[in-house]
Amino acid sequence: MVVGASHAGAQLAASLRQGGWKGEIVLVGDEGTLPYQRPPMSKAYLAGKNTLDQLAIRSAAFYAKQEITLLDDSVQAVDRTDGRVTLSRGGSLAYDELALCTGARVRRLAAPGADLCGVHYLRTAADVELIREAASPGRRAVIIGGGYIGLETAASLSGLGLQVSVLEATERVLGRVTAPEVSAFFDRIHREEAVDVRTKATVEELVGTDRVQGVVLAGGETVPADLVIIGIGVEPNTELAAAAGLQVDDGVVIDDHARTSDPAIVAAGDCTSHLMTRYGRRIRLESVSSATEQAKVAAATACGKSQRITALPWFWSDQYDVKLQIAGINTGYDEIVLNGDPAEGRDFTCYYLRRGELIAADCVNRPRDFMFSKQVIIRGGQVGRDELALQAVG
Amino acid sequence: MTKIREAITAKVQATIPMERQIQGAHLYDKTRRWVTGTNGQKMFVESPIPPVDDLEIGEIDLSNPFLYRQGRWQSYFERLRKEAPVHYQANSPFGPFWSVTRHADIIAVDKNHDVFSAEPFIVIGVPPRFMDIEMFIAMDPPRHDLQRQAVQGVVAPKNLREMEGLIRSRVREVLDDLPVDEPFDWVQKVSVELTARMLATLLDFPYEQRRKLVQWSDLAASMEQTNGGPSDNDEVFAEMRSTVRELSALWYDKAARLAGGEEPGFDLITMLQSNENTKDLIDRPMEFLGNLTLLIVGGNDTTRNSMSGGVLALNQFPEQFEKLKANPDLIPNMVSEIIRWQTPLAYMRRIAKKDTILNGQFIREGDKVVMWYASGNRDEAVFERPDELIIDRPNARNHIAFGFGVHRCMGNRLAEMQLRILWEELLTRFEDIDVVADPEYVQSNFVRGISRLMVRLTPKATG
Ligand SMILES: Cc1cc2nc3c(=O)[nH]c(=O)nc-3n(C[C@H](O)[C@H](O)[C@H](O)COP(=O)(O)OP(=O)(O)OC[C@H]3O[C@@H](n4cnc5c(N)ncnc54)[C@H](O)[C@@H]3O)c2cc1C
Ligand code: HEM
């Protein structure tokens with residue numbers, strides 16, 4: 001029984017079959033669709049370039065052929081002693097092995113007016129449909145939050161012909177995840193594309209009569225808006241696990257085999273927190289690559305095989321003609337090496353080092369550097385600074 | 001003048017044994033190299049290529065054979081597409097030439113064979129003596145059409161269906177033998193090996209000797225006129241003589257077997273022998289050699305580098321690999337996209353037969369015009385996010401890696417079939433194909449090649 005039908009859940013179900021699971025497989029999801037790819041939600045799908053069918057992670061025929069039952073329902077509670085789950089639509093189901101892939105949900109903005117009509121969040125296909133309906137050319141969209149999702153949304157909406165503002169509370173966009181030089185690059189790119197990026201812009205309240213009309217900032221200024229999209233991060237869906245008595249620390253705690261504190265239950269994806277030896281601490285990742293990797297390992301564990309979560313996490317983001325690819329995680333870096341100039345043009349790489357070893361790289365339109373960085377980090381990160389500065393471009 | 005030359009060539013061909021002709025060509029090439037001062041010399045010394053913005057537009061020289069290896073080519077092409085889509089380079093080591101870099105302009109030139117001639121040859125430099133005759137890729141209609149007609153049946157859809165089963169079983173053999181969980185060179189173990197098998201299938205060449213096809217072809221393509229030197233043309237000619245011996249042996253052996261009542265095969269030589277116009281091709285040795293060499297050389301580097309390029313691209317864009325694994329129905333479209341992304345042959349060259357105007361530039365009779373397919377396939381006016389591999393790109397098939405017009409690649413369906421089969425068979429076997437070291441690239445302005453690609457395979461978990 002797999003709870004949560006998105007990147008982690010769909011992969012886990014498929015890998016179970018591949019790994020030789022003979023019994024029934026039930027994949028429970030509450031979005032009422034075939035599991036679909038989430039990253040395009042703020043990119044191509046928001047821009048109207050593909051349909052949900054095209055974004056299905058696997059086709060309906062695949063699940064039928066692999067004898068994976070898709071159940072449109074949501075799991076309310078887990079009873080570990082009996083090995084049963086309770087479903088919202090009534091009834092309960094027994095399981096031999098349980099996998100939690102409940103993912104994450106958006107963090108809500110705690111400001112007055114955040115529940116006005118015309119205020120949106122962006123995580124699911126249903127969210128995007130609402131935004132697309134409201135996103136006619138010429139309208140003013142205000143995006144709250146200058147993280148990846150906020151910036152991608154800004155790029156997609158400006159591509160649709162809207163006037164877009166981005167409000168970021170701290171002094172720079174992407175402040176939590178990249179070096180100041182990289183933030184400055186994205187700031188410049190969005191300005192070049194006529195997006196109004198404002199940093200140190202704290203939202204006081206959203207105002208409007210029946211629907212949102214403006215966003216009031218701490219300084220008193222009001223930014224007019226026909227449409228507001230809030231992208232201020234996510235929170236893991238851990239309530240189910242916590243209520244079942246599993247250990248939760250930011251995310252559902254898993255070991256290298258994707259086992260939770262109950263060895264009969266595995267977990268994978270955005271809802272988990274995993275001790276990564278490479279980085280020496282527990283990390284909750286929000287990326288498709290790690291959701292997929294953890295799901296494969298979890299499936300192996302459930303099939304009684306032993307695999308470990310070792311793959312290097314990576315991530316990407318598309319904005320306009322800029323493809324950012326990120327290898328590794330940069331937390332704890334004490335030095336950066338730049339190859340190319342973020343202040344000019346649209347390609348460069350920012351390497352992050354800790355004690356002289358490469359731990360991560362932000363590669364902007366540099367797929368070759370991305371591939372190179374992954375190899376170096378996997379091998380332990382030893383690399384000469386000159387090699388990084390010289391590393392072939394392109 | 002040319003008439004007389006042709007008449008003499010025909011006469012010479014008919015009377016002098018093939019091997020001797022090659023020897024003669026060799027001497028000729030030696031003399032010419034001496035006269036033109038390119039005798040095994042390096043025309044380019046590899047040095048770091050500057051960022052394109054450091055150059056004046058007139059200084060940009062796309063014939064530099066290190067442009068691809070050093071990864072600067074994208075920015076060079078992009079600048080030309082934007083600022084000088086029909087660009088003149090007056091002082092390259094290969095002489096002056098025009099560069100055409102936009103998709104639409106390239107098609108305009110490639111279509112217009114009345115004005116832009118493929119003769120005498122299709123690389124920027126001067127071809128060695130034996131390469132500049134009797135290959136229809138370097139002939140204009142009507143001669144081109146006659147020659148092409150004689151061989152194109154071998155890659156007709158019906159014939160390809162015949163070959164498919166054999167090609168698939170040969171792919172399976174290779175893949176089943178690959179080392180898993182340990183690094184190896186994909187280029188040697190897969191790309192070169194499978195291409196050799198494909199060509200051996202096409203020619204019905206003795207299977208155990210298939211690597212010879214590759215050797216010959218590699219040598220023939222390693223001329224200093226594309227790689228900027230040095231290369232050992234003496235070695236090339238020695239190898240050519242052995243090619244000739246083997247290929248004529250193959251011809252006579254086939255003829256004997258056919259005469260002895262053996263079922264005709266679906267290979268190239270059988271095809272030539274059973275066609276009225278070509279059944280005595282062996283008596284026109286340079287033409288015979290030209291046609292066979294063209295198929296071997298034409299199919300070799302191109303198919304090989306598409307096989308390597310696909311693995312490289314899917315490592316540079318790993319989310320596309322995930323997409324592929326989730327949806328193997330994307331393979332046919334991905335094959336087109338890989339060929340677009342890799343564009344194994346950077347360009348074809350033409351020579352203006354009369355004064356003409358192309359996108360506002362005045363081109364004089366006799367000027368060399370180079371159609372940069374590698375640039376047209378990254379033209380942002382046609383392909384969105386052109387530098388990325390996007391396996392479900394809706395217009396991937398609009399790429400021009402196979403050229404356009406009368407010379408459009410004859411082997412395109414064979415190449416696509418070979419690549420499709422490779423990916424179908426890979427997906428059923430392996431979970432991951434990880435590139436584990438920086439790839440090495442070929443030194444050439446013509447072939448966009450990968451000479452070494454270390455990978456590690458993770459087998460699919462099985463029950
Ligand atoms: C707009 C956007 C853009 C992104 N872009 C990128 C990107 O470019 N690259 C990248 O690597 N990552 C990106 N991400 C992150 C990536 O999408 C996530 O890491 C990934 O979706 C995690 O998959 P998951 O299966 O763990 O969780 P989720 O995708 O959150 O899926 C969990 C599913 O479980 C369901 N569920 C939860 N609880 C229950 C229950 N009790 N019963 C039944 N069902 C339940 C949820 O409704 C949901 O369908 C992006 C995310 C968003 C929102
Ligand atoms: C992905 C693989 C391949 C690529 C990218 C490729 C590319 C090309 C290009 C660019 C041309 C010149 C087109 C022009 O001038 O407009 C060409 C011509 C040709 N190719 Fe290919 N080729 C490939 C595979 C093959 C194979 C497998 C064969 C063998 C059968 C082959 C045989 C030929 C021949 C015979 C010509 C000359 C056609 C003519 O002049 O009429 N090619 N190819």
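Reader: How many residues does the contact take from chain B and from chain A?
Author: This is a predicted model. In it, 32 residues of chain B and 31 residues of chain A take part in the contact.

Reader: What area do chain B and chain A bury between them?
Author: The two chains bury about 2,300 Å² between them, and 47% of that lies on carbon and sulfur atoms. On the chain B side, B:Gln316, B:Glu319 and B:Arg385 lose the most area to chain A, together 23% of what that side buries.

Reader: How many salt bridges does the rule find across the interface of chain B and chain A?
Author: The rule finds 5 salt bridges across that interface. One of the salt bridges in the model joins the side chains of A:Lys323 and B:Glu319, at 3.0 Å from N to O. B:Glu319 is also among the residues of chain B that lose the most area to chain A.

Reader: Which element of chain B gives the most to the side that touches chain A?
Author: Helix 13 of chain B does, with 6 residues. By class, that side of chain B holds 12 nonpolar, 7 polar and 13 charged residues.

Reader: Turning to salt bridges over all chains, how many does a search of the whole structure find?
Author: The search finds 63. Among the salt bridges in the model is that between the side chains of A:Arg191 and A:Asp187, at 2.4 Å from N to O.

Reader: Where do A:Arg191 and A:Asp187 stand relative to one another in the helix?
Author: Both belong to helix 5 (residues 180–192) of chain A, and because they are 4 residues apart there, about one helical turn separates them.

Reader: A change of topic: in which sense do strand 2 and strand 3 of chain A pair?
Author: Strand 2 (residues 25–29) and strand 3 (residues 68–72) of chain A pair in the parallel sense, over 5 bridges. Between them the chain passes through helix 2 (residues 60–65) of chain A, and this β-α-β crossover is right-handed.

Reader: Which residue in strand 3 of chain A does A:Val26 stand opposite?
Author: A:Val26 stands opposite A:Thr69.

Reader: Lastly, where is B:Arg364 found?
Author: B:Arg364 is in the loop between strand 7 (361–363) and strand 8 (368–372) of chain B. Leaving aside neighbours within four places in sequence, B:Arg364 is in contact with B:Ala352, B:Lys354 and B:Asp355.

Terms used: Residues numbered from 1 in each chain as written. Chains lettered and ligands numbered in written order. Predicted model: local features only at pLDDT ≥ 70, side-chain atom pairs only at ≥ 80, totals over all residues. Heavy atoms only, no water. Contact = heavy atoms within 4.5 Å. Buried area = accessible area lost by both parts, 1.4 Å probe. Salt bridge = Lys/Arg side-chain N within 4 Å of Asp/Glu carboxyl O. Helix = DSSP H or I, 4+ residues; strand = E, 2+ residues; numbered from the N terminus. Nonpolar A, V, L, I, M, F, W, Y, C, P; charged D, E, K, R; others polar. Pairing = 2+ DSSP bridges. Right-handed = clockwise from strand over helix to strand, strands pointing away.
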